[in-house]
Amino acid sequence: MTKFTVNDRPVQYRLDPETPLLWALRDASNLTGTKYGCGNGDCGACMVVVDGEAIRSCLVSIAEVEGRYVTTIEALSRDRSHPVQQAFVAEQAVQCGFCTPGMIIAASVLLRKNSDPTDAEIDGAIRNLCRCGTYPRVRAAIKRAGRVMQRQETIAAAPPPGISPEDAARNVPALTPPE
């Protein structure tokens with residue numbers, strides 16, 4: 001049994017320890033905001049935060065995150081009020097939305113370390129693929145979120161979700177509390 005913390009909740013998975021973290025999150029925990037894109041670490045759709053670092057969850061087994069802290073897009077903010085989420089909506093950086101959770105996760109990690117990144121720093125941190133080509137808007141959203149984090153600006157763009165995280169995750173039989 002593999003044990004670690006997901007979105008501030010201790011979990012244990014009764015899965016093969018070599019199961020990619022992506023599939024444990026999506027299939028066993030019903031945390032489907034983490035997307036499957038390419039399966040080989042190129043696209044970034046599966047980005048999550050592990051111990052404060054953005055990683056591609058398709059490349060990491062659940063054994064490798066044993067005892068660590070994992071944060072998915074579902075826990076970035078309960079009401080979508082995180083500055084990056086708000087800025088992505090305000091700057092219209094969301095088009096089809098498939099790559100958006102991974103980009104938001106990567107951007108949140110970047111901005112936690114540096115709230116005023118250069119274009120080059122953004123390009124280096126956000127290596128996610130977007131088939132819709134929203135990169136200029138993504139860069140603008142990240143810069144705007146940085147200004148919000150520095151309290152130079154405010155945004156009221158995205159409405160809160162219509163369902164609580166508890167209700168959304170109520171029926172997850174493979175997710176068991178630690179013993």
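**Entry 1: ground rules**

I number residues from 1 along each chain as its sequence is written, and my side-chain values use heavy atoms, with hydrogens and water left out. The model is predicted, and local features need pLDDT of at least 70, side-chain atom pairs count only at pLDDT 80 or more, while totals for chains, interfaces and linings use all residues. I take helices (H or I, at least four residues) and strands (E, at least two) as DSSP runs, numbered from the N terminus.

The model has an open sheet of five strands in the order 2-1-5-3-4, and the pairing is mixed. I count two strands as paired if DSSP finds at least two bridges between them. Strand 2 (9–13) and strand 4 (53–56) are the edge strands, each pairing on one side only. Direction ignored, neighbouring strands of this sheet are turned by 40 degrees against each other on average. For angles, axes are lines fitted to C-alpha atoms, for helices over the stretch in contact, and values run from 0 to 180 degrees between N-to-C directions.

**Entry 2: strands 1 and 2**

Strand 1 (residues 2–6) runs antiparallel to strand 2, and five bridges join them. Threonine 2 has tyrosine 13 of strand 2 opposite. The two strands form a hairpin with two residues between them, where asparagine 7 takes a positive phi near 50 degrees.

**Entry 3: strand 3 and its partners**

I followed strand 3 (residues 47–50) next, which is joined to strand 4 by four bridges and runs antiparallel to strand 4. Valine 48 stands opposite isoleucine 55, and valine 50 stands opposite glutamate 53. This pair is also a hairpin with two residues between the strands, and aspartate 51 in the turn has a positive phi of about 50 degrees. With strand 5, strand 3 pairs in the antiparallel sense over two bridges. Here valine 50 has valine 70 in strand 5 as its bridge partner.

Which way do the side chains of strand 3 point? Met47 and Val49 point one way, Val48 and Val50 the other, and all are buried. I use buried for under 20% relative accessible area, exposed for over 50% and partly exposed for in between (1.4 Å probe, protein chains only). In a regular strand, side chains alternate between the two faces of the sheet.

**Entry 4: helix 3 on the sheet and against helix 2**

Helix 3 lies across strand 3, strand 4 and strand 5 (69–71), at about 35 degrees to strand 3. Helix 2 (residues 83–90) packs against helix 3 (residues 100–113) at about 125 degrees, with the axes 9 Å apart. That angle makes helix 2 oblique to helix 3. My classes are roughly parallel under 35 degrees, roughly antiparallel over 145, roughly perpendicular from 65 to 115, and oblique for the rest.

Which residues of helix 2 meet helix 3? They are Val84, Gln85 and Phe88, and they meet Thr100, Met103, Ile104, Ala107, Ser108 and Leu111. I take contact to mean heavy atoms within 4.5 Å. Nonpolar covers Ala, Val, Leu, Ile, Met, Phe, Trp, Tyr, Cys and Pro, charged covers Asp, Glu, Lys and Arg, and polar covers the others, Gly among them.

**Entry 5: helix 3 against helix 5**

Helix 3 and helix 5 pack at about 40 degrees, with their axes 10 Å apart. Helix 3 is therefore oblique to helix 5. From helix 3, Met103, Ala107, Leu110, Leu111 and Arg112 meet Tyr135, Val138, Ile142, Ala145, Gly146 and Met149 in helix 5. By class I have nine nonpolar, one polar and one charged residues in this contact.

**Entry 6: two loop residues**

I checked threonine 134, in the loop between helix 4 (119–125) and helix 5 (135–149). Is threonine 134 buried or exposed? Threonine 134 is buried, with a relative accessible area of 1%. Not counting residues up to four places away in sequence, threonine 134 touches Ala93 and Gln95.

Cysteine 43 sits in the loop between helix 1 (21–28) and strand 3. Its relative accessible area is 12%, so cysteine 43 is buried. Leaving aside neighbours within four places in sequence, its contacts are Gly37, Cys38, Arg56, Arg127, Asn128 and Leu129. I also noted cysteine 99, 56 residues from cysteine 43 along the chain, with the C-alpha atoms of the two separated by 8.2 Å.
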